[in-house]
Amino acid sequence: LEANLKLRVQWMTGLGMDGSQIAKAIACFPHILKLSLEDNLKPKAQLLRERGFTNAEIASTLAKDPQLFSYSSKRLAHRMGVLQALGLLTKTSLRNAMVMTDAKFAARFE
């Protein structure tokens, strides 16, 4: 457990998160410590990078909205693609879109 925690903290630090941001992410969403680094956190960070997010923006998103990383990669990729195609992809719009039901998202953006 301690080794897994250390790896996640090192990865978050590598994104540019400081200790207070890491603590905030864990306090807001303790489940983040159970998400797989290789199968979840890193691939989702890569999805964000592919859509133009910088490491600093990913770190900020992870600190403020860590539950974003608990959604499926399919849902994340789809919603980012739709928002980007509409010219609406930002940290805030993504956060808002991810919590919408599928029906609400489709009615608003598709």
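Reader: What makes D65 count as buried?
Author: Buried means under 20% relative accessible area, exposed means over 50%, and partly exposed is in between (1.4 Å probe, protein chains only). D65 has a relative accessible area of 7%, and therefore D65 is buried. Please note that this is a predicted model, in which local features need pLDDT of at least 70, side-chain atom pairs count only at pLDDT 80 or more, and totals for chains, interfaces and linings use all residues. Residues are numbered from 1 along each chain as its sequence is written, and side-chain values use heavy atoms, with hydrogens and water left out.

Reader: How do you know that D65 and R95 form a salt bridge?
Author: A salt bridge is a side-chain nitrogen of Lys or Arg within 4 Å of a carboxyl oxygen of Asp or Glu. The N to O distance between the side chains of D65 and R95 is 4.0 Å, and they meet in a salt bridge. The pair links distant parts of the chain, 30 residues apart: D65 is in the loop between α4 and α5 (73-85), and R95 is in helix α6 (residues 91-99). Helices (H or I, at least four residues) and strands (E, at least two) are DSSP runs, numbered from the N terminus.

Reader: Why is R95 called partly exposed?
Author: R95 has a relative accessibility of 28%, so R95 counts as partly exposed.

Reader: How many salt bridges does a search of the whole structure find?
Author: The search finds four salt bridges. In one of them, the side chains of K42 and E38 meet at 2.8 Å, N to O. Both residues lie in helix α3, four residues apart, which is about one turn of the helix. K42 is partly exposed because its relative accessible area is 32%, and E38 is partly exposed because its value is 49%.

Reader: What links R75 to D102?
Author: Their side chains meet in a salt bridge of 3.7 Å, N to O. This pair also links distant parts of the chain, with R75 in helix α5 and D102 in helix α7 (residues 102-109), 27 residues apart. At 23% relative accessibility R75 counts as partly exposed, whereas D102, at 54%, counts as exposed. R75, R79 and D102 are linked in a network of salt bridges.

Reader: Why does R8 have no salt bridge?
Author: Side chains of opposite charge can pair when their charged atoms come close, so distance has to be considered. For R8, the nearest side chain of opposite charge is D39, at 9.0 Å. Lys and Arg count as positive and Asp and Glu as negative, while His and the chain ends are not counted. Leaving aside neighbours within four places in sequence, R8 is in contact (heavy atoms within 4.5 Å) with residues including I32, L35 and L41.

Reader: Why is α1 called roughly parallel to α3?
Author: Helices α1 and α3 (residues 37-50) pack at an angle of about 10°, with their axes 12 Å apart. Axes are lines fitted to C-alpha atoms, for helices over the stretch in contact, and angles run from 0 to 180 degrees between N-to-C directions. Angles under 35 degrees count as roughly parallel, over 145 as roughly antiparallel, 65 to 115 as roughly perpendicular and the rest as oblique. The angle therefore makes α1 roughly parallel to α3. In this contact, L7, R8, W11 and L15 in α1 meet L37, L41, K42, A45 and R49 in α3.

Reader: What makes α2 oblique to α4?
Author: Helix α2 (residues 19-28) and helix α4 (residues 55-64) pack at an angle of about 45°, with their axes 7 Å apart. That angle makes α2 oblique to α4. Here Q21, K24 and A25 in α2 meet L62, A63 and K64 in α4.

Reader: How do you know that A63 is buried?
Author: The relative accessible area of A63 is 3%, so A63 is buried. The C-alpha atoms of A63 and Q21 are separated by 5.1 Å, although the two residues are 42 residues apart along the chain.
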